[in-house]
Amino acid sequence: MHVGEWLRLLRTLLDEVSMVASRAGPGSAAMLHQVWDAVDLPFRAGLNLWRPYERLSPARQEAMLQAAATAVQLAADGRIIPGGTLGAALQPASHRR
């Protein structure tokens, strides 16, 4: 994967793990809760209002990075099925299109 694609994917993951459940849709909301449960932190790191990653406190930035990393690991383990145009990049090699 090219570094530019990786950075785009990371930015997308950071935006997704901070998304409110009502905006995500039922299936995606359940997946978001699964990610945050696996991180063992409050949903959205306790974020009440969405803010760009750069404007979050260092503690929330770290929590968002942990959630993004956990989402990547859950996808690699096949425990969640990522969607979107870059979702296949997170799937185990045997499931890539």
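Helices (H or I, at least four residues) and strands (E, at least two) are DSSP runs, numbered from the N terminus. This is a predicted model: local features need pLDDT of at least 70, side-chain atom pairs count only at pLDDT 80 or more, and totals for chains, interfaces and linings use all residues. Residues are numbered from 1 along each chain as its sequence is written, and side-chain values use heavy atoms, with hydrogens and water left out.

**View A. Serine 18 in the loop between H1 and H2.** Serine 18 is buried (under 20% relative accessible area; exposed is over 50%, partly exposed in between; 1.4 Å probe, protein chains only), at a relative accessible area of 3%. A polar atom of its side chain lies 3.3 Å from the backbone oxygen of leucine 14. Leaving aside neighbours within four places in sequence, serine 18 is in contact (heavy atoms within 4.5 Å) with Arg44, Leu47, Trp50 and Met64.

**View B. Helix H3, residues 26–39.** H3 has 14 residues. From first C-alpha to last it reaches 20 Å, close to the 20 Å expected at 1.5 Å a residue; the expected span is 1.5 Å times one less than the number of residues. Aspartate 40 follows H3, and its phi is positive, near 65 degrees.

**View C. The two sides of H3.** Ala29, Leu32, Val35, Trp36 and Val39 are buried. Seen down the axis of H3, these buried residues fall within an arc of 120 degrees, so they line one face of the helix. The arc is taken from the directions from helix axis to C-beta atoms. The buried residues pack against H1 (3–17), H2 (21–24) and H4 (58–76). Exposed Pro26 and Asp37 sit on the face turned away from the buried side.

Conventions. Polar contact = N/O pair within 3.5 Å; in protein donor to acceptor, adjacent residues only side chain to side chain.
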